[in-house]
Amino acid sequence: MDRLTSLRLFREVVEAGSFARAAEAMGLSAPMASKHVAQLERRLGVRLLNRSSRHLSLTEAGRAWYEQSSQALDLLDAAEAALGSRADATPRGLLKVSAPVWCATPRIARLLADYRAQCPEVLVDMHLANRRVDLVADGFDLALRATQEPSPALIARPLCPVPFHLVAAPGYLRRAGAPQAPADLARLAAIVPSYVNLEGLSLRGPGGRQAALRLAPALRSDDTTLTLHAVRAGMGMAYLPGWLVDEDLAAGTLAELLPAWRAPANTLFAVYTSRQYMAPKLRSFIDFLAARLAA
């Protein structure tokens, strides 16, 4: 049996959740599909799938093999597409994406829904975390990062600016007093991130004046959503991305502090490892985000 067919068939079984559906998709009989996977397991010397009459699930070895072999198949597909030897360059397969926690917003959910409608054969696997993942070591195809200086070791495509705001609940400001100048921020309780140091961040105000951001932490968190809830609860102020607080600001449930003083806006970048042999799923997702977010 052809080994490449066995690899493709195994991936299809995992993603379809059924030998019958995978066999149909690849134009094989169900018994032949089963033989391909059985031969693959014999060659590797491990069981890849737990089978019952009604359910299929990956073993630990099967999950590791699926992730690694899928990447290899994607690389082969991209190489063939780049050489023009493959007529079907339809985006498909698993796309593993890392993004900040503050991307868990209706805006991003709508984008993902629209991308799914446009590329239904791509399964986007979103991992939200405020730590910077190692794309290669952690097996990610793409990371979305808001920064002013993307890593020179990676390819970074700018998508859109992401403004950040100093915000607090109106009730908290009535108790603590609204700041009138950057120096007043140090007397307010602040919910600060544990994954980045905001102390000394440069704020620019009227007439080009600059002031360093000084904060008095009342809570540290590595979760931006918890920070938002703490600010809404009146625990203190925070420095949060506009995507997360725009609706609160518009509704008046949060107030912006010192709106005349701003830190330089970050840019949201799509970060990936190489322009060479980009899989159709990766290229289509980046192009989609670039078009939609730029608009």
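Me: When do two strands count as a pair, and in which sense do β3 and strand β4 pair in this predicted model?

Reply: Two strands pair if DSSP finds at least two bridges between them. In this predicted model, β3 and strand β4, which spans residues 122-128, pair in the parallel sense over seven bridges; within that pairing, L95 has V124 of β4 as its bridge partner.

Me: How many bridges join β3 to strand β5?

Reply: Two bridges join β3 to β5 (residues 142-147), and these strands run parallel, with L142 in β5 as the bridge partner of V97.

Me: Is S98 buried or exposed?

Reply: Buried means under 20% relative accessible area, and S98, found in strand β3 (residues 93-99), is buried because its relative accessible area is 5%. Leaving aside residues up to four places away in sequence, S98 touches H127, V133, F140, L142, A143 and L144. As for the strand as a whole, six of the seven residues of β3 are buried, so β3 is largely enclosed by the rest of the structure.

Me: What is the strand order in the open sheet of three strands?

Reply: The order is β12-β7-β13, with antiparallel pairing, and the edge strands are β12 (238-241) and β13 (255-256), each of which pairs on one side only. Helix α7, residues 224-232, packs on this sheet, touching β7 and β12, and its direction makes about 125° with that of β12.

Technical notes:
Residues are numbered from 1 along each chain as its sequence is written. This is a predicted model: local features need pLDDT of at least 70, side-chain atom pairs count only at pLDDT 80 or more; totals for chains, interfaces and linings use all residues. Side-chain values use heavy atoms; hydrogens and water are left out. Helices (H or I, at least four residues) and strands (E, at least two) are DSSP runs, numbered from the N terminus. Buried means under 20% relative accessible area, exposed over 50%, partly exposed in between (1.4 Å probe, protein chains only). Contact means heavy atoms within 4.5 Å. Axes are lines fitted to C-alpha atoms, for helices over the stretch in contact, and angles run from 0 to 180 degrees between N-to-C directions.
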